[in-house]
Amino acid sequence: MVQFNNVPLVQQGGYISVNTAFQNDISPLKIDLIYGTFRSEDGSPYLLPVVKKAEQMIVNDISSHNYLSPTGIEGFTKSASKLLLGDVEKQWKDGTIFGVQCVGGTGAIKIGAEFLSRHMNCTTVYYPDPTWEMHGTVFSFSGFSNKFKYRYLNKETKLIDFEGLCEDMSNAPIDSVVILHACGHNPTGLDLTKEQWRTVSEIMKERKLIPFFDIAYQGMASGDIEEDAWAIRHFYNEGFEFLCAQSFSKMFTMYNERVGNLMVVLKSGCNIDSLKIHFEKIIRSLYSSPSNHGARTVFKILSDPELYDEWLSSFTAMIFQAMDLRKAFRKAIEEIGTPGKWNHITDQKGMFILLHLTSIYVDYI
Ligand code: PMP
């Protein structure tokens, strides 16, 4: 007979264990650098005022709490996809692009992984080394039995190991799914140049690999949302079919509302209606249908020109403030004569600073 006490023991890992250690630490000097969320000067979580404004507006509009369809609010997924690719009106009509509202960026990766595993028989996934800690877990929980890392960070140079990356992708078997961080790579803060993206897309085309973009930080790498979508647009223009998991957690400071979109880009001739039914079935088996509030709020902002302008200017101001913090941090480290070079702090982009400190230094600090 199976018993609960036969379940293999497991240790907490990753962010959660660091967070537990943080909560238990009694040092008055402790600072929470664990979760990637924007904070106000006093360290409390920051909420963009335009989000509050839009929330108040939609609360007044609500006349029922009826179920959404499994794939969510279509207007939201369309506006979300527009942020990625620009005008998608025509493609939306002919069905070559559609979106699936998901439970945050994580949910979008999960729904994409389930689809690839169940309906495209994919079993192999490649992701960068290092990467966001959940990529491996999500794909193995969705039945990907072969998980491989492709080289990304060269720890010696503190730069991208582009040669290694190309070599690993060139050796990937046909139909492997490849996770690509579109911008603001988590955790290295290092992004490919346009030239390098072009090379990657050539290799992927040649090797018949399936791109799966993950974009959780659009606008946060360069300060420009269009520029940060360049790689996705390039792959689109190159005629790839691909998936893109899009998170709104950071862009709208709405972490707990779990707003995400899975954009599906297809070649014409696919049976779109049937594909959508597959997505619906996956979603029905997991949570039936998504929740309303967060996606409705983002949709409100994206579809109202005044709110959109307000969001874009305050979001951009927030990003530039973060860039200034990066500079100030490097300056402070250099001013106290810390040994070593610290240019990587300002060379990196987006939400992450990879300090390249080994555990001996971290423990000492
Ligand atoms: N992808 C990457 C690269 C991330 O850094 C994150 C969030 N830390 C996610 C996906 C998940 O986003 P969400 O919080 O919206 O689930």
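1. Let's start with two helices that touch: T106, I109, K110 and A113 in α5 meet M134, V138 and F139 in α6. Two residues count as in contact if their C-beta atoms, placed from the backbone, lie within 7 Å. Helices (H or I, at least four residues) and strands (E, at least two) are DSSP runs, numbered from the N terminus. By class, this contact of α5 with α6 has five nonpolar, one polar and one charged residues. Here Ala, Val, Leu, Ile, Met, Phe, Trp, Tyr, Cys and Pro count as nonpolar, Asp, Glu, Lys and Arg as charged, and the others, Gly among them, as polar.

2. A word on what you are looking at: this is a predicted model, in which local features need pLDDT of at least 70, side-chain atom pairs count only at pLDDT 80 or more, and totals for chains, interfaces and linings use all residues. Residues are numbered from 1 along each chain as its sequence is written.

3. Back to the first pair. The axes of α5 and α6 (residues 134-141) come within 9 Å and cross at roughly 35°. Axes are lines fitted to C-alpha atoms, for helices over the stretch in contact, and angles run from 0 to 180 degrees between N-to-C directions.

4. Around the ligand you will find G36, G104, G105, T106, W132, H181, N186, D214, A216, S247, S249 and G260. The shell has two nonpolar, nine polar and one charged residues.

5. Next, look at the sheet. It is open, with seven strands in the order β1-β9-β8-β7-β6-β2-β3 and mixed pairing; two strands pair if DSSP finds at least two bridges between them. β1 (97-103) and β3 (146-151) stand at the edges with a single partner strand each, so one side of each has no neighbour in the sheet. From one strand to the next, the twist averages 25°.

6. P128 has Y150 in β3 as its bridge partner. Helix α7 packs on the sheet, where α7 touches β3 and β6 (177-181), and the direction of α7 makes about 150° with that of β3.

7. Helix α7 has a helix partner too. α7 (residues 162-170) and α8 (residues 194-207) pack at an angle of about 15°, with their axes 9 Å apart. That angle makes α7 roughly parallel to α8, since angles under 35 degrees count as roughly parallel, over 145 as roughly antiparallel, 65 to 115 as roughly perpendicular and the rest as oblique. α7 passes α8 in a right-handed crossing. On α7 the contact uses F162, C166, M169 and S170, and on α8 it uses Q196, T199, V200, I203, M204 and R207. By class, six nonpolar, three polar and one charged residues make up this contact.

8. Helices α11 (residues 293-303) and α12 (residues 305-335) have axes that come within 5 Å and cross at roughly 100°. The two are therefore roughly perpendicular to each other. K300, I301 and L302 of α11 meet L307, Y308 and W311 of α12, a contact with five nonpolar, no polar and one charged residues.

9. Finally, some backbone details to check in the loops. The peptide bond from D129 to P130 is cis, with omega near 5°, and P130 sits in the loop between β2 and α6. The bond from N186 to P187 is cis, with omega near 15°; P187 lies in the loop between β6 and α8. K158 has a positive phi of about 65° although it is not a glycine, and K158 is in the loop between β4 (153-154) and β5 (159-160).

Definitions and conventions. A residue is near a molecule or strand if its C-beta atom, placed from the backbone, lies within 6 Å of it. A crossing is left-handed if the near helix is turned anticlockwise from the far one by less than a right angle, and right-handed if clockwise.
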